[in-house]
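Subject: A structure for you to explore

Hi there,

Here is the structure I promised to pass on to you. Have a look at it first, and then read on for what turned up.

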Amino acid sequence: MTDTFRDYVDCTDLLDDREALDRFYDEHGYLYLRGVLDRGLVRTAAKQMLAGLIALGHAARGTSLEKLAIESFEAVDEVAMHDYVKYDDLWRHPSSFKVWEQVFGEPVFVFKSTTIRYYPSAAGVAEPSFLTPLHQDGFYIGPNKDFRTAWIPLLPTTHRTGGVALADGSHRRGPREHVVTENFRRFGHPVRGIPAEEFGADEQLLFSPMEPGDVLVFHAFTCHKSVPNTSVGPARMRMSMDTRIQPASSHRGFNSLTPWPDSAKDSSKGILSKITGTPTVIE
C-alpha cells in the first residue's frame with residue numbers, strides 16, 4: 001500500500017441506475033457523490049461550527065470561515081462543540097433523506113451519533129496524533145455491519161488541507177486485525193489501527209479534493225484514514241462531519257441510538273467507547 005493517491009471515481013451519474021450503483025459499490029466499497037446535498041444546509045453547519053469555536057474562545061469574533069484558524073484541535077472542548085452544530089438538520093433533512101434512500105435503494109435510519117472535526121494546519125508535524133490511523137468503522141460499530149459511513153466536508157478540501165483516504169475494494173476481505181497504535185491518540189489514550197502489512201499491493205489509497213455538498217459514502221469494512229492538513233500560505237482549516245446510515249429495517253445498536261456527546265461524557269467507558277459510543281472491553 002502506498003500514500004500516492006488516485007482520485008475517487010465520481011458516481012453521481014449512477015444514482016438513477018440502481019444496478020450500476022450497486023455494482024460499483026459492491027466492487028469498490030464506496031460511492032463519491034458530487035453536489036448532491038443542499039449547499040445552504042452544509043454552509044449553515046459550517047457557520048455553526050465557527051460560532052462554537054468563537055464562543056469557546058478559540059477564534060476571534062468577526063472571523064470568517066475563509067480566514068478561520070485555530071491553535072489546536074485538542075485544546076477545544078469536543079463535547080461542548082456538539083452543542084453548537086445542529087447536524088441533524090442536515091442529515092435528516094428531506095433532501096438529504098432522498099439521497100440516502102437513493103444510495104441504499106430502501107428506507108433508511110440515520111445514526112444519532114455524529115463526529116465533528118475542525119483540524120487546523122499541522123504543517124511541519126510528521127503526523128498529528130489526533131488523526132485517525134487506517135481502520136474499519138465496522139471494527140468499532142455494531143452489532144450489525146450493514147451501515148454505511150457518510151463523510152462530508154464543510155469547507156472545500158484539497159490535497160493540502162487533507163480529508164479522508166480510503167483503500168479501493170478493501171471491504172471485500174472483511175474485518176481485519178486492529179492493533180494499538182501509539183502514534184495516534186484520543187483523550188490521551190492510544191487508539192487501534194490496521195498494520196500496514198495487512199494491505200495488499202493492489203489496495204491503493206484514493207483521495208480527491210471535495211466541495212461542500214459532496215458526500216463520500218463507504219462500507220463498514222472499507223479501510224480508511226485521515227489525510228493530514230499541511231496547508232500553508234495561507235493555512236486553511238479542514239472542517240468536516242461524518243455519521244452512519246443503515247437500512248431502516250435493521251437492528252439499531254447503541255451507537256445508532258446514542259448521541260456522541262452522551263457517550264463521551266460517560267467516565268465509565270473506555271477510549272473506544274468514547275470515540276464510537278459502542279460499549280467494548282477492547283482497549
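A residue counts as buried when its relative accessible area is under 20%. Keep that cut-off in mind, and remember too that this is a predicted model.

Let's begin with helix α2, which covers residues 39-55. Its buried residues are Val42, Ala45, Ala46, Gln48, Met49, Leu50, Gly52, Leu53 and Ile54. What lies over them?

At its start, a side-chain oxygen of Asp38 comes to within 2.8 Å of the backbone nitrogen of Gly40. After the helix comes Gly57, which has a positive phi, near 85°.

Now zoom in on one residue of α2, Ala46. Is Ala46 buried or exposed? Its relative accessibility is 0%, so Ala46 counts as buried. Setting aside neighbours within four places in sequence, Ala46 is in contact with Leu65, Leu154 and Met239. Met239 is 193 residues away from Ala46 along the chain, yet their C-alpha atoms are separated by 7.5 Å.

Next, find helices α1 (residues 18-28) and α5 (residues 94-104), which pack at an angle of about 75° with their axes 9 Å apart. Angles of 65 to 115 degrees count as roughly perpendicular, so that is how α1 and α5 are placed relative to each other. Where they meet, α1 brings Arg18, Leu21 and Asp22, while α5 brings Glu101, Gln102, Val103 and Phe104. Sorted by class, this contact has three nonpolar, one polar and three charged residues.

Finally, there are two cis peptide bonds to look up. One runs from Gly142 to Pro143, with omega near 10°, and Pro143 sits in the loop between α6 (137-140) and β3. Another joins Gly233 and Pro234, with omega about 5°; Pro234 is in the loop between β9 (224-227) and β10.

Enjoy exploring, and write back with any questions!

Best wishes

Technical notes:
Residues numbered from 1 in each chain as written. Predicted model: local features only at pLDDT ≥ 70, side-chain atom pairs only at ≥ 80, totals over all residues. Heavy atoms only, no water. Axes fitted to C-alpha atoms, helices over the stretch in contact; angles between N-to-C directions. Helix = DSSP H or I, 4+ residues; strand = E, 2+ residues; numbered from the N terminus. Parallel < 35°, antiparallel > 145°, perpendicular 65-115°, else oblique. Contact = heavy atoms within 4.5 Å. Nonpolar A, V, L, I, M, F, W, Y, C, P; charged D, E, K, R; others polar. Expected span 1.5 Å × (residues − 1). Buried < 20%, exposed > 50% of the residue type's maximum accessible area, 1.4 Å probe, protein only. Polar contact = N/O pair within 3.5 Å; in protein donor to acceptor, adjacent residues only side chain to side chain.
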